[in-house]
Structures are given as C-alpha cells and as structure tokens.
Amino acid sequence: MQYINANEAIKRLAAAQGIDVLNLVKTEEQLQQEQEAAAQAQEDQLMMQQAGQMLNAPLADPSKNPMAAETVNAVMGEEAIPPMQ
C-alpha cells in the first residue's frame, strides 16, 4: 500500500471491467470526512465515560458532599440533580 494509490487502482480495475465508478468509489475527501466523524464520535464517547466516572466519585455524591448537586448543576448548566433536603 506504500507504493500503490488504492483509489486509483480500484478505478482502473473497474474501468477494465467496464464498471462505471461514478459515485461508486469514495473520494479522498469523503474518506477524510468519515475518519474525522469517527474520531469525533470516539472522543465524544470517551468524554461521556469520563463524565460518568466523575459523577460516581465520592465528591459528586450528595450524601457525602452536600454541595455536590449544586456543583454538578452549575457545570451542567441546568437542574440535572435535585438538591438534597
């Protein structure tokens, strides 16, 4: 793969078989966009996992830290956790 342009090889093989490759073979731009979207999705998933781990920490437990609900709500920007009474 170091010496061969895979995209061009696919196009030439398809042309040799009489196959029209228009909208069949992805462009380099399409492949780049898909890779970026996959990387962003992976990063989003990692952030959600880390947020879940932080919410399970004793510091975020309202029974151990009375200010936890207010802190989490301030970070989340909404009333995500009702304050303890």
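Helices (H or I, at least four residues) and strands (E, at least two) are DSSP runs, numbered from the N terminus. By that rule the protein chain has 3 helices and 0 strands, and the pattern along the sequence is α-α-α. This is a predicted model, in which local features need pLDDT of at least 70 and side-chain atom pairs count only at pLDDT 80 or more, while totals for chains, interfaces and linings use all residues. Residues are numbered from 1 along each chain as its sequence is written, and side-chain values use heavy atoms, with hydrogens and water left out. Of the 85 residues in the protein chain, 11% are buried; buried means under 20% relative accessible area, exposed over 50%, and partly exposed in between (1.4 Å probe, protein chains only).

**Helix α1 and its ends**

- Helix α1 covers residues 6-16, and at its start a side-chain oxygen of Asn-5 comes within 3.2 Å of the backbone nitrogen of Asn-7.
- Such a polar contact is a pair of N or O atoms within 3.5 Å; within protein, one must be able to donate a hydrogen and the other to accept it, and residues adjacent in sequence count only if both atoms are side-chain atoms.
- Asn-7 lies in helix α1 and is buried, at 13% relative accessibility.
- Apart from neighbours within four places in sequence, Asn-7 is in contact (heavy atoms within 4.5 Å) with Val-25, Lys-26, Thr-27 and Glu-28.
- Ile-10 is also in helix α1 and is partly exposed, with a relative accessible area of 45%.
- Between Ile-10 and Val-25 there are 15 residues in sequence and 7.8 Å in space, C-alpha to C-alpha.

**The loop between α1 and α2**

- Asn-23 sits in the loop between α1 and α2 and is exposed, at 78% relative accessibility.
- Phi of Asn-23 is near 60°, a positive value in a residue other than glycine.
- Most residues other than glycine have a negative phi.

**Salt bridges**

- The structure holds 2 salt bridges, each being a side-chain nitrogen of Lys or Arg within 4 Å of a carboxyl oxygen of Asp or Glu.
- Arg-12 and Glu-8 are 4 residues apart in helix α1, so about one helical turn separates them.
- An α-helix has 3.6 residues a turn, so residues three or four places apart point the same way.
- Arg-12 is exposed at 57% relative accessible area, whereas Glu-8 is partly exposed at 33%.
- The other salt bridge pairs the side chains of Glu-34 and Lys-26 at 2.9 Å, N to O.
- Glu-34 is partly exposed, with a relative accessible area of 40%, and Lys-26 is partly exposed, also at 40%.

**The second largest pocket**

- The second largest pocket holds about 150 Å³ of space.
- Its lining includes Asn-7, Lys-11, Asn-23, Val-25, Lys-26 and Gln-30.
- Helices α1 and α2 (28-55) are the elements that give two or more residues to this lining.
- By class, the lining has 4 nonpolar, 4 polar and 3 charged residues.
- On a 1 Å grid over the protein atoms alone, a pocket is an open set of points where a 1.4 Å probe fits, with protein on both sides within 12 Å along at least five of seven lines; lining residues have an atom within 4 Å of a point.
- Grid points are joined across faces, edges and corners, and the volume is the space filled by probe spheres set on the points.
- Ala, Val, Leu, Ile, Met, Phe, Trp, Tyr, Cys and Pro count as nonpolar, Asp, Glu, Lys and Arg as charged, and the others, Gly among them, as polar.
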